[in-house]
Each structure stands twice: as structure tokens, then as C-alpha cells.
Amino acid sequence: MQRYFMQLAYRGTPFHGWQRQPNASSVQQTIEEALSTLLRTPTPIVGAGRTDTGVNAQTMYAHFDATNPLEHPDAILRSLNTLVGRDIAIQRLIPVHPEAHARFDATSRTYHYYALPRKSPFFHQLSWQAPPTLDYDKMNRAASLLLETDDFTSFAKLHTDNKTNICRVSHACWHPVGNTGAHVFVITADRFLRNMVRAVVGTLIDVGRHKLTLDGFQRIIDSRDRCSAGTSMPPQALYLWDVTYPYITPAPAAD
């Protein structure tokens, strides 16, 4: 038995999230069906996390087990990309040790949320049209408070099976995207709760619109009450951008 990690990317709009579910198309199901066809045996995969309906992934990892080491992994990779369709790209197949786990071994995850200051016919399905008057400096002062926070109950989806809402955020900041006027919110943590990033962004937007003060943002954190936080932002602008492991070397950047 040989365990493999696959590195992949996908556009979330055509799918009802990552996780397999009845009567709906998911990223997991699409890949499992393609992989099972190629390996000629049912082949489940385990992802690094579960993105919601419409959320994209620049970098996602999943693991699967093959009965024997793949004799022609490059050929498998090409065939797999043909079968999964144009909205999913399988980028690498990486042999790993038998106990390696795509979800539990991840040491950090990074998400990006893209905000464009004007209507775009090209990126409207991949970003959020932001009001041009958002106060990003104030939003960043609020975002810095997340680095001092451990309990993210105020930004967690209600009635989930989470055993704890403790997360450790190591980076949270809005960055300009070149000279385009667009901004991207980058947040890195050891783990994320369901809907957490979209709720954090929605609450930061209230700060940027001057509907919420910095003290008010801190009170929302301290309240541990999802109803006190801002709205959940649209999913199409959110990307799982990176997942790190102690034994996976990142792929070299494209030229």
C-alpha cells in the first residue's frame, strides 16, 4: 500500500463545496470518481479541509491510498486532469509515508479574499465589488486584534460539530494588489472554523465603512456570539491559498 498526496486547485462556482454529498456535485466526488476509474478500484480521498459552496482553492491537498506504487505517475496525472474537467487542476502526486494525513498534519492554512473597487466583467465571479471608500488602514488596525485572539466563536458558523473554536492566527492584513486599486485580505492560522474567514471579512468591512469602531470590533470578539458579528461575505472571492506540511516541499513558482 502506498499513500499519495495530491496538490490541486479548483474554481468553486460549479461545485457545492469540497465535501461529497448526495444529489449535488462536489470537488471530492469528482476527483474520487476519476481516480477510481484510473486505478480500477474505489479510491476515497481525504482533503486538507472542507471549502464551502462557491469557494475557490489555489492550493488544496488531499491524500489517497494505492494498492501498489504508481508505475507511471506522470501519465496518471495527465489522465486525471482530463477526467476531472476544466474547473479542477491536479498539479502534483507526491508519495508520502503511510501515516501522513492531509487534514491532521497541516501546520498552517492561508486564505485570500479579493475586493475590487469597480465592476469587472472579467472577475465578477472571482472577486467582490467593494465600495471605493473603504478605510483599509482602519480595517488593518482591527485585523491586528485577531493576532491576540484565540477563541473565534463570534465568527464560527452555528450548530457545527466543532469540539473547540480555538484558532491561532499568525497573519491577518489587507494588502493592495499592485496599482489596481484592488485589495486582498490575507489570513493565516493553524486551523479555521467553518465560515470563519467570510464572517471575519464581513465584520472588517463594517469597520472599513465606519459602521463599527475598533472598540466595537473587540467587543464582538469578546462576546463569543456569532449574531453580534458582521454578515458572511459572498464565497466567490474567497480562496484557500496555501496549506503547509512539515514533510511537503512547496512546488517551485511558475516563471
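**Entry 1: the chain end**

I started at Pro-250, which lies in the segment after β9 (238-244). For naming, I took helices (H or I, at least four residues) and strands (E, at least two) as DSSP runs, numbered from the N terminus. This is a predicted model, so I kept local features to pLDDT of at least 70 and counted side-chain atom pairs only at pLDDT 80 or more, while totals for chains, interfaces and linings use all residues. Residues are numbered from 1 along each chain as its sequence is written, and side-chain values use heavy atoms, with hydrogens and water left out.

Is Pro-250 buried or exposed? I call a residue buried under 20% relative accessible area, exposed over 50% and partly exposed in between (1.4 Å probe, protein chains only). At 62% relative accessibility, Pro-250 is exposed.

**Entry 2: the core**

Next I went inside. A nonpolar core here is a set of buried Ala, Val, Leu, Ile, Met, Phe, Trp, Tyr and Cys residues joined through side-chain atoms within 4.5 Å. The largest one has 77 residues, and those touching the most other members are Met-6, Leu-8, Ile-31, Leu-146, Phe-155, Phe-185 and Phe-217. Which helix gives this core its largest share? I found helix α4 (residues 196-208), with 8 residues.

Leaving aside neighbours within four places in sequence, its partners include Leu-146, Phe-217, Ile-220 and Ile-221. From α4, Met-196, Ala-199, Val-200 and Thr-203 are also among them.

**Entry 3: helix α4**

I then checked α4 itself. Its expected span is 1.5 Å times one less than its number of residues; for 13 residues that gives 18 Å, and the end C-alpha atoms are 18 Å apart, which agrees. Of those 13 residues, 12 are buried, so the helix is largely enclosed by the rest of the structure. The buried ones include Arg-198, Gly-202 and Leu-204. Just after α4, His-210 takes a positive phi of about 65 degrees.

**Entry 4: cysteines**

How many disulfides are there? With a disulfide taken as a pair of cysteine sulfur atoms within 2.5 Å, my search of the whole structure gave 0. The cysteine sulfur nearest to that of Cys-167 belongs to Cys-227, 19 Å away. Cys-167 is buried at 0% relative accessibility, whereas Cys-227 is exposed at 65%.

**Entry 5: aromatic rings**

Last, the rings. I paired rings of Phe, Tyr and Trp (its six-membered ring) if their centres lie within 6.5 Å; planes under 30 degrees apart are stacked, over 60 edge-to-face and the rest tilted. The whole structure holds 15 aromatic pairs.

Tyr-111 and Phe-192 have ring centres 5.0 Å apart and planes at 80 degrees, so they are edge-to-face. This pair links distant parts of the chain: Tyr-111 is in strand β5 (residues 108-116) and Phe-192 in the loop between β8 (183-189) and α4, 81 residues apart. Tyr-111 is buried at 12%, and Phe-192 is buried at 16%.

I looked up Tyr-239 and Trp-241 too: centres 6.0 Å apart, planes at 75 degrees, so edge-to-face. Tyr-239 is buried at 13%, while Trp-241 is partly exposed at 28%. Ring pairs also join Phe-5, Tyr-61, Tyr-245 and Tyr-247 into a cluster.

How values were computed:
Contact means heavy atoms within 4.5 Å.
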